[in-house]
Amino acid sequence: AIGATDKSLGFALIGITVGALPAMLGTGLIVKRFSKWVLFYVLLFFAGSIAAITLVNTPLTLAFVLFFVGASSGMLDVVMNSGVATLESLTDKNYFNYAHAAFPVAVIFTSPTVGYVRQSGVNKNIILLVMAGIIALVGLINLKLDMKDNKKEEIIYENYWNCKKNW
């Protein structure tokens, strides 16, 4: 549909890794500085990256968009793992098993659902925009939940990071 050869498609797919690696390296510092706000913005960035796929019309634009998909996906991985690690350290409970299990469960549910919807004739751009909307909605819900106990949470994060700095 975009006139991609095997070579140009392979080049475009490298964009995911090229975007993800530096983003993952830098995201830890962003999380440390801005803690709870980062997840909201990263989810919006990821949603925007997914929505941008609908604009792809050449192998070069595919590579460009996949760079941002990779960057936002890598950032999301670091932010979520950081949040789970923080939660574990604050509660002395194990959550990583649940967090890591959530991804394959989501894939097991989403992949056949999208396949079925696509097979029923729904345009791929509609599917991508709906998925981007769901991701953005999750970001807004998370932001609303974060703001609920804002002061209490700020104290918890401040104590956690001060403890880490002094340790």
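These exercises work through the helices, surface and contacts of one predicted model.

Local features need pLDDT of at least 70 and side-chain atom pairs count only at pLDDT 80 or more, while totals for chains, interfaces and linings use all residues. Residues are numbered from 1 along each chain as its sequence is written, and side-chain values use heavy atoms, with hydrogens and water left out.

**Exercise 1. Overall make-up**

Find how many helices and strands the protein has, and what share of its residues is buried.

Solution. 
- Start with the elements. Helices (H or I, at least four residues) and strands (E, at least two) are DSSP runs, numbered from the N terminus.
- The count is 6 helices and 0 strands.
- Along the sequence the pattern reads α-α-α-α-α-α.
- Next, burial. Buried means under 20% relative accessible area, exposed over 50%, and partly exposed in between (1.4 Å probe, protein chains only).
- Of the 167 residues, 31% are buried.

**Exercise 2. Two helix pairs**

Determine how helix 3 is oriented to helix 2 and to helix 4.

Solution. 
- Axes are lines fitted to C-alpha atoms, for helices over the stretch in contact; angles run from 0 to 180 degrees between N-to-C directions.
- Take helix 2 and helix 3 (residues 59-91). They pack at about 155°, with axes 9 Å apart.
- Classify the angle. Under 35 degrees counts as roughly parallel, over 145 as roughly antiparallel, 65 to 115 as roughly perpendicular and the rest as oblique.
- Helix 2 and helix 3 are therefore roughly antiparallel.
- Now helix 3 and helix 4. Their angle is about 155°, and their axes are 10 Å apart. Helix 3 is therefore roughly antiparallel to helix 4.
- Finish with handedness. A crossing is left-handed if the near helix is turned anticlockwise from the far one by less than a right angle, and right-handed if clockwise.
- Helix 2 crosses helix 3 in a left-handed sense. The crossing of helix 3 and helix 4 is right-handed.

**Exercise 3. The nonpolar patch**

Identify the residues of the nonpolar surface patch and the helix that gives the most to it.

Solution. 
- State the criteria. Patch residues have over 30% relative accessible area and no salt bridge; like charges are joined within 9 Å, nonpolar side chains (Val, Leu, Ile, Met, Phe, Trp, Tyr) within 5 Å.
- A salt bridge puts a side-chain nitrogen of Lys or Arg within 4 Å of a carboxyl oxygen of Asp or Glu.
- Areas come from the Shrake-Rupley method with a 1.4 Å probe; for residues, only the protein chains shown count as cover.
- Ile30, Phe34, Trp37, Tyr41 and Leu44 make the patch, about 480 Å².
- Helix 1 (6-34) and helix 2 (37-52) each give two or more residues. Helix 2 gives the most, with 3.
- Check one member. Ile30 lies in helix 1 and is partly exposed, at 34% relative accessible area.

**Exercise 4. The backbone at Asp92**

Locate Asp92 and describe its phi.

Solution. 
- Asp92 sits in the loop between helix 3 and helix 4 (96-119).
- Its phi is near 55°, a positive value in a residue other than glycine.
- Most residues other than glycine have a negative phi.
- Is Asp92 buried or exposed? Asp92 is exposed, because its relative accessible area is 71%.

**Exercise 5. Contacts across the sequence**

Solution. 
- Met24 lies in helix 1 and is partly exposed, at 31%.
- Ala132 lies in helix 5 (residues 124-148) and is buried, at 6%.
- Leu55 is in the loop between helix 2 and helix 3 and is exposed, at 64%.
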